[in-house]
Amino acid sequence: QLISEQLEYLQLALKFTPDNPHVLESVAELVRVDRESGEAYELLTNSLAEGTATPMVHLILSMAAHERGEFKLELNHLDFALAADPNLVVAMNNLAWRLATSEPPQLEQALALIDKAVTQAPEQPEFQGTRGRIHQMLGQNTKAIIDLEAALSKLKDRPDINDALAVLYRDIGDDHLAEKHRCRATQIRGQAVNRRP
C-alpha cells in the first residue's frame, strides 16, 4: 500500500511540476529501492495493461529500465512518454542523453531535444548540464563551458560536471582551470566516501 501511495503522489507531482528536481530525486529513489521488491514495477506495468497509464508511467518505467541497464527498453518508454505528452521536459532531457550516448550517437537529434527542454524549463540545471555535455560531444567547447558552468552554479556537488569542465578547459589550453576542476571533483568524491556509514 505504501508503494502504491508513493507512486500516486509522485505521478501527480510529476504532472504539475515535471522539472522539479526534488520530485525527480524522489522518483529515482523509489526506482532504486524498488529493484529488490519489484512492487512499483508491477503496479506500473499493471496500469499499462489495464489501460490506465499516463505519460508519467512511461517516464518512470524508462527510469527503472535505465537503472537495470536495459537501455533499449528505456528508449522505448521515453518514446512512448513523449508521444503521449510532447511537452514532458524530463522525458526530453532523458531521451536526449540516451540518443547522445547511443551507438552510433545521434547528437544533432539529441541537441534539438535538449534545446527544447532548456527553452521550456530554463531554470533547471540538470537540463543545462545535459546540453553542455552534448555540446562537448559536438566539439562546441565554448557553448559546453557556458552550459556546464551554469549547471554547476546550482548543482554544487556533481563531480561529473567538474570532470567535464576539466577536459574542456584542458582542450582550450587553460591547464590551471582544468586542474582546479580535477581537484574539485576528487574532493567531492572523497567527501562522499567519508559520509558513507
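At roughly what angle do the axes of helix 6 and helix 8 cross? The views below, taken from a predicted model, begin with that pair.

**View 1. Helix 6 crosses helix 8.** The two axes cross at roughly 25 degrees and come within 10 Å. Angles under 35 degrees count as roughly parallel, so helix 6 is roughly parallel to helix 8. The crossing of this pair is left-handed.

**View 2. Residues in the contact of helix 6 with helix 8.** Helix 6 contributes Val-89, Val-90, Asn-93, Ala-96, Trp-97 and Ala-100. Helix 8 contributes Glu-126, Phe-127, Thr-130, Arg-133, Ile-134 and Met-137. Sorted by class, eight of the contact residues are nonpolar, two are polar and two are charged.

**View 3. The largest nonpolar core.** This core holds 40 residues. Val-27, Leu-59, Ile-114 and Phe-127 touch the most other members. At least two core residues come from each of helix 1 (2-16), helix 2 (21-37), helix 3 (39-49), helix 4 (55-67), helix 5 (71-84), helix 6 (89-100), helix 7 (107-120) and helix 8 (125-137). Helix 6 gives the most, with eight residues.

**View 4. Around Val-27.** Neighbours within four places in sequence are left aside here. Val-27 is then in contact with Leu-10, Leu-14, Ile-60 and Met-63.

**View 5. Another core, apart from the largest one.** In soluble globular proteins, nonpolar side chains tend to be buried together.

Key: Residues are numbered from 1 along each chain as its sequence is written. This is a predicted model: local features need pLDDT of at least 70, side-chain atom pairs count only at pLDDT 80 or more; totals for chains, interfaces and linings use all residues. Side-chain values use heavy atoms; hydrogens and water are left out. A nonpolar core is a set of buried Ala, Val, Leu, Ile, Met, Phe, Trp, Tyr and Cys residues joined through side-chain atoms within 4.5 Å. Buried means under 20% relative accessible area, exposed over 50%, partly exposed in between (1.4 Å probe, protein chains only). Helices (H or I, at least four residues) and strands (E, at least two) are DSSP runs, numbered from the N terminus. Contact means heavy atoms within 4.5 Å. Axes are lines fitted to C-alpha atoms, for helices over the stretch in contact, and angles run from 0 to 180 degrees between N-to-C directions. Angles under 35 degrees count as roughly parallel, over 145 as roughly antiparallel, 65 to 115 as roughly perpendicular and the rest as oblique. A crossing is left-handed if the near helix is turned anticlockwise from the far one by less than a right angle, and right-handed if clockwise. Ala, Val, Leu, Ile, Met, Phe, Trp, Tyr, Cys and Pro count as nonpolar, Asp, Glu, Lys and Arg as charged, and the others, Gly among them, as polar.
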